[in-house]
Amino acid sequence: MKRRIAVVPGDGIGKEVIPAALKVVEATRVAVEFTTFDWSADRYLKDGTTIPADGFTMLARDFDAIFVGALGDPRVPSNVHAKEILLGMRFRMDLYANVRPVKLLDESLCPLKGVKPEHVDFVVVRENTEGPYVDAGGVLKQGTADEIATQEDFNTRKGVERVIRFAFELTRKQGRKRVLMSDKSNVMTFAGSLWQRVFKLVAAEYPEIQPQHMYVDALCMHMARDPKQFDVIVTNNMFGDIITDLAAALQGGLGMAASGNIHPGKTSMFEPVHGSAPLLAGKNQANPIGAISTAAMMLAHLGLNSHAEKIDAAVLAAVRQKQITCDVGGNLGTRESAEWIAKQVAKSM
Ligand SMILES: NC(=O)c1ccc[n+]([C@@H]2O[C@H](COP(=O)([O-])OP(=O)(O)OC[C@H]3O[C@@H](n4cnc5c(N)ncnc54)[C@H](O)[C@@H]3O)[C@@H](O)[C@H]2O)c1
């Protein structure tokens, strides 16, 4: 049975790294069918479409997974198209767990001295549908010296519980040992109390897994000083957003980081962690590995593990043999690096 994948390259370097990653997927000869959608700044500027009215229903009904590049373009300063497409997928399709694996493939990629691949291998599970990102709030007396801006932070019992449970299930499935919940409950007491109580309740159902807690500011310090202590981290939407850029730096930068936006049993969406990097766009310089590793993550999610493993092995070979772009110490272009990886995959089949 062919898996159906909706592809949204989006803006900027998304339009380069996604076609490059698709070539690598094709090299595995996996039974998938891609349908590409042009939802992007170009389309929005042409006819005002962000995503068609039935877009989310159609994606959930007709596709097994969605593969997205990046959205954001200086020609659309309001970022309205990116919000509607990307946050729309996350919120309206209820993709509540944003899973970001953090793995160092080679010592040379880590900016920290003496840190080896076995020291950086953890997963961040970020809540993906709540927090301050629901866009609730308002402005009073705008433009005056008395202006008041509020941005509300939503945390529901249901939302907190399901993402924490997801993190424990992932830990069990991946044979990991510890789940660390990170918050700021010492000062954000209402939301913090909910996260703390629910974390304890859910942790009690997984006696073989060690529950841990760390305030998010301390976590940032520890991530830079001693990343090997982390196994699985679960946190809210905003802290997850921030700490995963820091975590990406441990792997060699944003160009290396993969992610999945997941709701078990529903059509889920996969995207590299990086944005559209407008200054890099159109230069064949963007690192395609984040997108390629994201494609592997998507195949594994669809149960196509052996194809995913071939891609991961080829990426590792590319890093070790420096068949990579300049942001990670190579001298290949986006296309050339992806083509090398695709060839390596084809050879291994
Ligand atoms: N998920 C998304 O679609 C997403 C995520 C973040 C930012 N954005 C949007 O992207 C635009 C640019 O945002 P930004 O500059 O804050 O973040 P960015 O991730 O686009 O770029 C940040 C830095 O990382 C570098 N970088 C990113 N991806 C790279 C790659 N594949 N290879 C090499 N270097 C890479 C860039 O050159 C830049 O220096 C904005 O419009 C923003 O809203 C979108």
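C220 counts as partly exposed, because its relative accessibility is 28%. On this scale buried means under 20% relative accessible area, exposed means over 50%, and partly exposed lies in between, with a 1.4 Å probe and protein chains only. This is a predicted model, in which local features need pLDDT of at least 70, side-chain atom pairs count only at pLDDT 80 or more, and totals for chains, interfaces and linings use all residues. Residues are numbered from 1 along each chain as its sequence is written, and side-chain values use heavy atoms, with hydrogens and water left out.

Stay with the cysteines. A search of the whole structure finds zero disulfides, a disulfide being a pair of cysteine sulfur atoms within 2.5 Å. C220 is in none: its nearest cysteine sulfur belongs to C110 and is 15 Å away.

Now step back to the fold. The chain holds eleven helices and twelve strands. These are DSSP runs numbered from the N terminus: helices are H or I with at least four residues, strands are E with at least two. The radius of gyration is 20 Å, close to the 20 Å that the globule rule gives for 349 residues, so the chain is as compact as a globular protein of that length. That radius is taken over C-alpha atoms, and the rule is 2.2 Å times the number of residues to the power 0.38. Along its principal axes the C-alpha trace spans about 55 × 50 × 45 Å.

How is the chain packed? Buried residues make up 54% of the 349. Take contacts, meaning heavy atoms within 4.5 Å, between residues at least 6 apart in sequence: 75% of them join residues at least 24 apart.

The accessible surface comes to about 15,600 Å², and carbon and sulfur atoms account for 54% of it. Areas come from the Shrake-Rupley method with a 1.4 Å probe.

Two loop residues deserve a look at the backbone. Most residues other than glycine have a negative phi. N79, in the loop between β3 (65-70) and α4 (80-92), has a positive phi near 65°. N79 counts as partly exposed, because its relative accessibility is 30%. D135 sits in the loop between β5 (121-127) and β6 (137-140). Its phi is also positive, near 65°. D135 counts as exposed, because its relative accessibility is 59%.
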